[in-house]
Structure formats: structure tokens, C-alpha cells
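Please look over the sequence and the structure before reading on.

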Amino acid sequence: MSAPTPPAKPANALYVTQPLLPPLEDFIPYLEKIWENKILTNTGPFHHELEQALCDYLGVKHICLFTNGTLALITALQALRITGEVITTPYSFVATAHSLVWNGIRPVFVDIDPLTFNLDTDKIEAAITPQTTAIMPVHCYGLPCDVDGIERIADNYGLKIIYDAAHAFGVQHNGASVLNHGDLSVLSFHATKVFNTFEGGAIVCPDAKTKQRIDHLKNFGIVSETSVVAPGINGKMSEINAAFGLLQLKGIDQALQRRQMVDAYYRQKLSGLKGIQCHAQSAGKTNHAYFPILVKPDFPISRDQLFQYLRENNIFARRYFYPLISDFPMYRGLASSAPANLPVARQIADQVICLPQYPALTFEQVDMITDLIASVACHGTPSADRTAGT
Ligand SMILES: Cc1ncc(COP(=O)(O)O)c(C=O)c1O
């Protein structure tokens, strides 16, 4: 039996994101080059060029490109030989915790900060046990973690830090790339991300020796024709993806600028709306990867009712991150998944909606979205009240 055809998407629908795609004709010369030199993968010329271009653009020393962010996370843990338990956040995309499980590591969930939605530094120490070997925080929505506080704890207890920086492309902290913090940082270049290579990812690392180890690990552990030094994986980025990344880089500043304008306009339109709270703003250079809002108890309808109402009006916002990772069946049995351990994460997960945010979103479209939310704030919806089921 064939899979059912998904329902047709309405032509005027707005989604939480829309991938950045340069004009197709601009990509043709890159394809012609690949066809000419017949190098499709295995660290070809575009792969080299993109690694260098990203180091320059991001202000980091070394980058290892990957097929996707998840394989980069899995390999980062392998590269540092992390074992036992790793402290991480339940408020993220499942790949964060999955990368630990793929390495036979137990995730230990720690609650998040109510303002930044990142790991709450004050709660990390209580979760450390003799089995703890590392911390894997997430710069959620691209807002930097408390990198100095986390580093202090890691130094005191001899722990490694691997940042899941999937959302943090181009983000700075104190005037320098946030990706330089921790032992390693992992980026995702998935289609939904600020900078995409269709699928893709990278590990940012501080020294050439670690880069070499990671480069071996992402190529089956192969060092030479006759030598394999580790049970590595195939995590290599292809030449097509790398070429696309080079083209994307040309338009990235303009795209980030446009995201900043959309973010500012949303904030202006939503300011003063009772029951709607916008996410904290970063002090440093940021990327406006997402536009999350919280639907607080004094909003006339619940978060899920607003989510549904937006859908009925062809606005396909997303509840990132709901459910919490710790609520999924493979994690909910862990002691650290107990609801009493994660009250802040639970509350935020129950209130959050990410509204559409991407460079091509027009101010008129932001008007449409925010006017709908404002009309509910003032009059409720025709059919819903907060006490009704969702
Ligand atoms: C926080 C976070 N970590 C990891 C990933 C996994 O990245 P990828 O989809 O490139 O494997 C994503 C997104 O996709 C993410 O949002």
C-alpha cells in the first residue's frame, strides 16, 4: 500500500520558516565546475573553500564540515571520548539528547533559565555525579548560554563542554564568536536554519590536532590507504552541499539584516499586548533565527488554542520546544526527567509558540499575524475560551 498523499498546502500559507534560496541560475556555475572536475565528495575543492570561508566569516580557528548537525554532535562526543553521564537541557530538538544515546551516554536533564531558556547554570552542580564527564548546553534560538558560568563549573569538576550551537550561526558574545567557547561547538546547516546547505553541519574546534582527529572520524577513521585508526562514520559533506554553502555565504549578511528588521517589527507590533511575552534579546550580535513568544495565563485563550487559531488562518507557527525531550518515551523513565526536576522548562514548553521568521517575510505578513493575535487579545476568538478543551 502506498503512503497517503499529504493534504495540499494552501497557497497563501505562512510557515515558521522559509529556506534562503539564491537565484537558481547563480548555482549553475558551481554545478558546471563539479561536472568538469568530477570530484563529488571526500573533501574536494568546494569543501576546502567552504571550511576556510566559514572560519573567516565566523571568526573561528578550525571547522570540520559534516553531512548534518546530528552526525556532527555524535562525532564531537566520540572525538572527546565522552562516556558515562552528560548534563544537558530538556528544552531543545531531540537530536541533542539522541546524540548522547547513540554514544551509549546517559543524558541528565537540568532545568532552564526562565529568561534565556538556556541551561540554568545555578542548577548544574547539583546534577554532577562521579559518572559525569561533560556538559552539553544549547544556545537556544541563538541566544548565548552563560558561557563563563558553565566554563567555571566545567573547570572545577574537570568536565568537557560541547555546545549544541545548531541555532547559533553568526552569533557573538562579548564581541567574538560564541562558537569559540567550550571544547567544541556544533552547528547545523539544515534547511530550516539561518545558514543552510540543504542538509549539513559542522564542528568548530580550537586546534589543528583535534580537527585532524574529527576529520578521520567523519571518514570511517581512515588515515591512509592501509590504516584505519577508529570506528569512524561517514559524515562527510558532499561537494554539492559545500558549493551551495559558498553561494549562501554571499547573501548571509543581507539575510541576517532582514531577520533583524522582522524581529524589531514583531516586537513593535506585539508590545503592550496583555498576555504575550517576547523572548529576551541578546546584548551582542545575534542572528534572529526564531521569533518565540510566550502565551501567558492572562491571555484570553490558551497557547494551544492560539496555535490552532493561527492554523485556521493559514499561519503554521510551531511549538518549539514542546513536548520537552524528557517527555518522549525513550527519556521519560530517567530520574532527571521527573516533572519536579524541570518546572521552568515545562512551563515554557507549555506557553511557547515560534512565529514565522525568515528573510522573505514581509511587514504586511507580520501585520497579518500580529493583528490576528491582537484581535484575540482584545476580543478573544469566535469559538474559544481559555477553559475549553483544545
Ligand atoms: C538544537 C538542535 N540540535 C541539533 C539539531 C540537528 O541538526 P541536523 O538537523 O542538521 O541534524 C537541530 C536541528 O535540526 C537543532 O535544532
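## Terms for the helix pair

Helix axes are lines fitted to C-alpha atoms over the stretch in contact, and angles between N-to-C directions run from 0 to 180 degrees. The model is predicted.

## How α7 meets α10

Helix α7 spans residues 239–270, and helix α10 spans residues 363–379. The two pack at an angle of about 30 degrees. Their axes lie 10 Å apart. Angles under 35 degrees count as roughly parallel, so α7 is roughly parallel to α10. The crossing of α7 and α10 is right-handed.

Which residues of α7 and α10 make the contact? From α7 come Val 262, Tyr 265, Tyr 266, Lys 269 and Leu 270. From α10 come Phe 363, Val 366, Thr 370 and Ile 373. By class, the residues of this contact divide into 7 nonpolar, 1 polar and 1 charged.

## The chain as a whole

The protein chain holds 10 helices and 16 strands. Along the principal axes, the C-alpha atoms fill a box of roughly 70 × 55 × 55 Å.

## Burial and contact range

How much of the protein chain counts as buried? The share is 46% of the 390 residues.

Contacts between residues at least 6 apart in sequence were also sorted by separation. Of these, 71% join residues at least 24 apart.

Key. Residues numbered from 1 in each chain as written. Predicted model: local features only at pLDDT ≥ 70, side-chain atom pairs only at ≥ 80, totals over all residues. Helix = DSSP H or I, 4+ residues; strand = E, 2+ residues; numbered from the N terminus. Parallel < 35°, antiparallel > 145°, perpendicular 65-115°, else oblique. Left-handed = near helix turned anticlockwise from the far one by under 90°. Contact = placed C-beta atoms within 7 Å. Nonpolar A, V, L, I, M, F, W, Y, C, P; charged D, E, K, R; others polar. Buried ≥ 20, exposed ≤ 12 C-beta atoms within 10 Å, placed from the backbone.
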